[in-house]
Amino acid sequence: MPRSDLDDAALLAGLAVDDHDAAVAFVRRFQAKVFGLALAVTHDPALADDVAQEAFVRAWRSAAIYDNTRGTVTTWLLTITRNAAIDAVRARRATPTDDSVLDGLLHTTLAGAATGDVTGDAVTTRTEADRLLRRLRTMPTEQARAVVLAVIGGCTAQQVSQREGVPLGTAKTRIRTGLRRLRAGQERTP
Amino acid sequence: VNGRGSHDEHLDGELVDLALGLVDGPDRARMATHLLGCSACREEYDDIVGTLREVLAATPEVEPTLGFDARVLSRVLPQAGDPAPRPAWRRHLWSAAAAAVAIPGLLLVGRALAGSGSEPDRSGEIAELAAPDGDLVGTVSISDLDGRATMVVAVIDAPPGARYLCRTTLQDGTVVESGPWTPSDGRGAWVVPLPDGAADDVADVELVVTATDRTWSAAHFDT
């Protein structure tokens, strides 16, 4: 069976034992997601490239101990990416200022712009991303924006507050309430 | 908001900031300590982390520049003629005792001994133990047990059945290995003896899976 036909966990297992073909397939399968998240947090294509590479290196180091009870391979890898991106931004001691990246992020996630496989094929089963996007889009917009900015954009509550033009307390409340709503929706999803 | 990590006061709103990675340094270690002993907060934290991970799945895709995959693969796959991937560290293997003591109890032992005359200066310092994805999986505290400098490594959510070495890097680059240790049911506490005089020099602590020699989680002490 070609490596590209293997499921995510099988590819990760291949990466763990330095299987060349599995590693190639793994990187190609996830590189657009990983780079997309790195770019969303750093707003800098060159830094995002470094961060995305670092995320794959960290994943390779940890592949042998991936625990599928704590999330899918996709969310595990993206969590590693998010942390690597936040580390990189902190190391630079500079706050990303290119708002166009966050504008694009909000438009893509909340307005339903085309995003590769995120919106999904109409005939395929709904993916976890599809389900999440549907829940985000039915939430009060200000809460959904706050959640996307904080989680995918890597913004602090202070940055959400400045960007949205609301007091810090309001920004925090929007993030927390938004996450709570998503969790409630999660529990209702079969 | 709980300011001291008491199990009677829950972290509440702080948990979202913690899960988002917005809490640093001593506050993060304090909250990690609280989570080890408070099942209600731990459950709440795990729920929040689960939701955050779901949100990440909605990340829009952006293709990186041409050749990205080759750049990654050159870093993760052994190349022909490469030297051994790990540095030739100076190592000392120390015997270590796995302690079947309740985690909060051990942490309190470490703290209760702070203030006695023979303890290392850093006794009572606590650092969070984080998995590669940043999730809090335990704490490492520098302690003085029966007059001997030790670290107490407390873990939760360890992959079941795995055996670990504790790899401690001192400020001068010396690496000290202890173990192996297998936490029962993925959680437990481990008393790791330190060489004489090393307690003040601990910089980084890694829990390494013996079967793969790869790091499962790591803690960093500010020096």
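1. Among contacts in chain B (heavy atoms within 4.5 Å) between residues at least 6 apart in sequence, 64% join residues at least 24 apart. Keep in mind that this is a predicted model, where local features need pLDDT of at least 70, side-chain atom pairs count only at pLDDT 80 or more, and totals for chains, interfaces and linings use all residues. Residues are numbered from 1 along each chain as its sequence is written, chains are lettered from A in the order in which they are written, and side-chain values use heavy atoms, with hydrogens and water left out.

2. Still on chain B: it has five helices and ten strands (DSSP runs, H or I of at least four residues for helices, E of at least two for strands). Of its 223 residues, 54% count as buried, meaning under 20% relative accessible area with a 1.4 Å probe, protein chains only.

3. Now the interface. Chain A puts in 60 residues and chain B 48 residues. The area buried between them is about 5,200 Å², with 62% from carbon and sulfur atoms (accessible area, 1.4 Å probe, lost on being put together, summed over both parts). On the chain A side, A:I65, A:R70 and A:R183 lose the most area to chain B, together 14% of what that side buries.

4. For the charges, the rule finds seven salt bridges across the interface of chain A and chain B (a side-chain nitrogen of Lys or Arg within 4 Å of a carboxyl oxygen of Asp or Glu). One salt bridge joins the side chains of A:R135 and B:E54, at 3.3 Å, N to O.

Conventions
Buried area is the accessible area (1.4 Å probe) that two parts lose on being put together, summed over both. Buried means under 20% relative accessible area, exposed over 50%, partly exposed in between (1.4 Å probe, protein chains only).
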